[in-house]
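This briefing is for a reader new to the structure shown below. Please keep the sequence and the model at hand while reading.

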Amino acid sequence: MFKSFSRKLKRSTVDFLHQLANTLEVEEEGKSSAKAGEFPNGPDSSPQGEAIAELSEDLSGPAANLAKPELDPGHGREMVTAINIQNVRNGASTPEEITAVESGQGNGNSHVAVVPPSVSPSVDVTPSSSLDRSNRRRRRRRRSKENRASSKAPLALTTGLKTLGRSVSRFTQQPRFWFVFGFGLGAGVGTSALAWGFYQLETMTQVAIADVVTYAPPGTMTIKAANGATLQEIGNVSHDTVTMGKIPPLIEQSFIASEDSRFREHRGIDPQGIIRASLSNVQSGDVVQGGSTITQQLARLVFLNQDRTLARKLKEVRLAQKIETALPKDQILERYLNLIYLGSGAYGVADAAHAYFSKTPEELTLGEAATLAGVVPAPSVYSPRQNLELATRRRNEVLNRMAEVGFITSAEAQAAIAEPLKINPSPLKRFNREAEFFTDYILDELRAKLPEEELQQGGLTVNTTLNNQWQEEAQTILTNAVKKYGRWQRFSEGAMVAMDPRTGAIKMMVGGKDYQGSQFNRVTQAKRQPGSTFKPILYGAAIASGISPNKSYPNVPIDIGGYQPANYGDSYSGGNMSLRDALTSSVNVVAVRLLLDVGWNPVINLARQMGISSKLEPTYSLALGAWEMTPLEMTSAYGTFANKGIHVQPYAIQNVVNTKGEVIYKAEHKQTKALDPDSNAIMTSMMRSVVTSGTGRPAGLGDRQVAGKTGTSDEAKDLWFIGYIPQLVTGVWLGNDNSRPTNGASTTAAMVWGQFMRDVTKGIPVESFPAMPKNPDQRKPSIKAEPIKRRVKVLAPPSSPETDSQTTTDRPRRRRRTQTDAARPSNTQTARTTAPAPASAPSAPPRTVSAPAPASAPSTPSADAGLPAPPSARKSE
């Protein structure tokens with residue numbers, strides 16, 4: 001029927017075109033005949049001929065009877081010819097006609113009439129009135145012809161349109177016309193809509209298919225130690241995975257039988273599988289088989305969401321086709337088995353095997369593998385940890401399906417069904433954490449260094465500087481020290497940090513004795529008074545300004561504008577003491593006198609260059625470590641001494657890599673020259689004396705060279721030791737979070753330092769520090785001193801007769817403060833200073849000491865008036 005209609009339509013079209021062609025031929029013939037009929041009486045009927053005839057009549061009229069004077073024949077002929085040429089010009093319609101006339105005259109072939117030579121030249125042979133009338137007639141005739149020609153074209157178009165309309169009218173009156181017209185219109189619109197929809201689908205599925213291989217859920221992140229060990233996994237990440245080519249056969253067969261039995265045959269979509277799954281689900285009244293192929297499910301996991309819409313399903317189908325084109329079947333199956341959610345927080349078959357059975361995928365039995373495959377349709381329903389009965393029923397269905405497709409025999413299926421489902425759950429490995437204080441610090445650093453959108457893209461790997469073995473040893477040592485010595489020395493917390501002074505890499509960070517009990521990281525968050533551990537910075541500024549380490553100061557009580565620093569135990573030798581000996585014994589009055597000679601600004605500037613960013617103000621108590629700072633800042637500053645005067649900014653993140661292997665962040669090793677090499681070598685030599693013969697003796701490492709400094713704040717609220725070898729610097733702090741005074745001494749911190757360093761240095765080569773300069777007293781200063789001009793008043797020692805009226809037992813414990821200190825309250829954690837304790841065992845309790853008698857306040861304003869109020873501090877060890 002359709003072919004017959006097509007033939008009729010073709011014939012009708014051909015007939016119509018023939019009619020239109022005939023009509024046009026008729027019009028062309030009419031035009032030709034019209035042109036032939038313009039001059040029916042021959043050439044004389046043309047405008048030129050009529051003009052010549054009229055001229056002849058005028059010349060044959062009465063004027064012909066006039067007297068004819070004798071004229072030159074040639075002259076008369078030329079005149080008549082000129083007249084006729086002028087007339088013809090007036091009647092010519094185009095420049096070409098005028099040119100033709102003139103050319104005819106020149107050739108002697110002109111058709112104009114020649115006036116006889118007998119005509120008198122005085123006679124007017126071409127009156128102007130006759131010529132004007134002739135010209136007007138010619139113009140009228142020309143306009144009428146043009147009008148007739150222009151009216152013929154619309155007439156032909158109108159005739160053609162009328163013929164076309166009659167043909168269309170006859171055609172539309174046929175019974176099948178509207179059916180065919182509607183069918184054609186529908187087909188055209190449908191084809192256009194289909195093309196537009198396919199274009200839109202292609203536009204919406206323009207994704208990088210290669211992302212399937214590297215995909216990780218958004219927000220996932222893995223933090224690794226320096227040796228690649230996993231410290232923490234964040235988000236819905238798969239801790240363990242299966243690899244392509246090594247997937248256990250039972251796992252592969254159970255998932256293919258349950259989810260996509262024709263997985264190896266189709267190209268992304270399986271119409272047969274969709275129909276079969278629909279029938280099975282209808283018959284069973286439940287979802288027993290999935291309608292989507294494994295490739296479709298993978299496309300949904302990677303690129304789409306779980307919306308139940310037609311658009312999502314169409315995109316899923318198209319993406320599955322693209323995945324099948326780009327990736328081999330084994331790789332598709334591997335990615336699917338590692339990403340699929342299997343309930344109870346487990347992502348991937350490897351994590352699910354551990355979560356449900358405490359096994360690896362290779363160790364699973366047939367029934368256990370079928371159990372995991374059965375969870376896929378509804379993980380929250382079929383999880384064996386949620387509902388063992390439903391999980392068993394679903395397992396049996398998968399086993400029957402495996403037998404149906406030929407993966408196992410019916411006997412094997414029945415034997416597995418007969419076995420009861422037993423689970424042996426274990427915590428998910430991705431929830432395990434190591435070095436909690438350190439990883440918390442890493443997360444804080446990531447937020448400061450990377451925008452949130454990059455952190456949320458998923459699959460990030462953060463490679464850190466941590467030595468996880470050192471971290472475990474340090475955590476154990478610190479926890480045991482707090483438990484063993486903190487009970488009677490009255491401290492309940494501690495912190496430790498170690499770093500490579502040459503690179504700034506943080507190798508260990510223990511922020512407290514127990515992360516579960518307190519997540520407060522005391523290494524980076526607790527600001528404590530460093531006490532005498534700050535003195536090496538003061539001494540370093542002095543040595544760099546040209547002051548000799550052998551310069552001596554009197555070890556006697558002093559008063560500087562009302563500020564009276566005191567040594568630990570109010571012990572004064574009364575004589576002079578060199579800077580080396582004063583640092584070894586941690587003498588406070590010498591440190592304050594040295595500050596006066598160096599100035600506040602050089603000391604503060606050097607501290608900044610050595611990595612201390614906390615608040616520092618120009619006060620006398622600056623020399624005794626009154627201003628608070630974190631253990632990480634102090635340890636970083638000591639790294640400058642270990643690195644020959646070059647400070648390297650501490651860092652914990654080596655780099656951050658995304659799922660594509662691209663490095664999106666890399667650490668920068670920022671270096672600052674703080675001390676010249678000679679001054680630094682002198683300071684290291686002086687701090688070696690602290691360990692060999694001073695308060696830091698418990699930190700000795702046998703044949704290794706060790707330099708460091710102890711520190712104890714006022715009332716022993718903070719116990720410090722920071723020491724270093726050429727390759728490693730470590731800081732230890734002990735105390736209480738509420739700043740309650742302790743009964744301990746800094747020697748305990750030195751002992752903890754020694755325990756840790758003795759363990760970790762077993763694999764580190766022995767190196768020596770740079771040698772002292774040959775002439776330490778003859779050096780060019782690298783820092784300009786800014787001496788403080790203040791009057792120093794020497795006080796009588798506590799054992800003088802002026803204070804003997806009070807005994808040691810009944811003398812009250814008191815502190816001398818400047819007028820500025822007395823007028824303002826001290827900080828929450830006031831700056832403290834303590835004197836050197838003997839290098840005895842940590843179990844030795846601190847001595848009970850008395851303070852010198854208080855001096856009366858001066859009647860005039862103190863020299864410190866107008867300075868920032870320092871934290872109250874006068875003693876340090």
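**Salt bridges**

Arg393 and Glu389 are joined by a salt bridge in which the closest N and O atoms are 4.0 Å apart. The model is a predicted one. The points below take up its salt bridges, its sheet, its aromatic pairs and the charges over its rings.

- Arg393 and Glu389 both belong to helix α16 (residues 388–405), where they are four residues apart and so separated by about one helical turn.
- Arg393 has a relative accessible area of 46%, and therefore counts as partly exposed.
- Glu389 has a relative accessibility of 59%, so this residue counts as exposed, the cut-off being over 50%.
- A salt bridge also connects Arg433 with Asp440, and here the closest N and O atoms are 3.0 Å apart.
- Arg433 is partly exposed, because its relative accessibility is 28%.
- Through salt bridges that share partners, Arg300, Arg312, Lys313 and Glu316 are joined into one network.
- Within that network, the side chains of Lys313 and Glu316 form a salt bridge with an N to O distance of 3.1 Å.
- Lys313 and Glu316 are both found in helix α11 (residues 310–326), three residues apart, which is about one turn of the helix.
- Glu316 is buried, at a relative accessible area of 0%, whereas Lys313 is partly exposed at 31% relative accessibility.
- The count of salt bridges comes to 21.

**The sheet**

- An open sheet is formed by five strands, in the order β2-β1-β3-β10-β11, and its pairing is mixed.
- Strands β2 (230–234) and β11 (663–666) are the edge strands, each pairing on one side only.
- From one strand to the next, the twist averages 15°.
- Strand β1 (residues 221–224) pairs with strand β3 (residues 460–464) in the parallel sense, over four bridges.
- Ile223 has Val462, in β3, as its bridge partner.

**Aromatic pairs**

- There are nine aromatic pairs in the structure.
- In one of them, the ring centres of Phe721 and Trp753 are 5.4 Å apart and the planes stand at 75°, so the pair counts as edge-to-face.
- Phe721 is part of strand β14 (residues 718–725) and Trp753 is part of helix α27 (residues 746–760), so this pair ties together parts that are 32 residues apart in sequence.
- Both Phe721 and Trp753 are buried.
- Tyr724 and Phe769 form an edge-to-face aromatic pair, with 5.5 Å from centre to centre and 80° between the planes.
- This pair links distant parts of the chain, 45 residues apart: Tyr724 is in strand β14, while Phe769 is in the loop between α27 and β16 (792–794).
- Tyr724 has 0% relative accessibility and so counts as buried.
- Phe769 is buried as well, because its relative accessible area is 10% and the cut-off is under 20%.
- Tyr563, Trp600 and Tyr620 are linked into a cluster by ring pairs.

**Charges over rings**

- Lys329 lies over the face of Phe263, 4.6 Å from the ring centre.
- Arg394 has its charged end over the ring of Tyr382, at 5.9 Å from the centre of that ring.

Notes
Residues are numbered from 1 along each chain as its sequence is written. This is a predicted model: local features need pLDDT of at least 70, side-chain atom pairs count only at pLDDT 80 or more; totals for chains, interfaces and linings use all residues. Side-chain values use heavy atoms; hydrogens and water are left out. Two strands pair if DSSP finds at least two bridges between them. Helices (H or I, at least four residues) and strands (E, at least two) are DSSP runs, numbered from the N terminus. Axes are lines fitted to C-alpha atoms, for helices over the stretch in contact, and angles run from 0 to 180 degrees between N-to-C directions. Buried means under 20% relative accessible area, exposed over 50%, partly exposed in between (1.4 Å probe, protein chains only). Rings of Phe, Tyr and Trp (its six-membered ring) pair if their centres lie within 6.5 Å; planes under 30 degrees apart count as stacked, over 60 as edge-to-face and the rest as tilted. A charge sits over a ring if NZ of Lys or CZ of Arg is within 6 Å of the ring centre and within 35 degrees of the ring normal.
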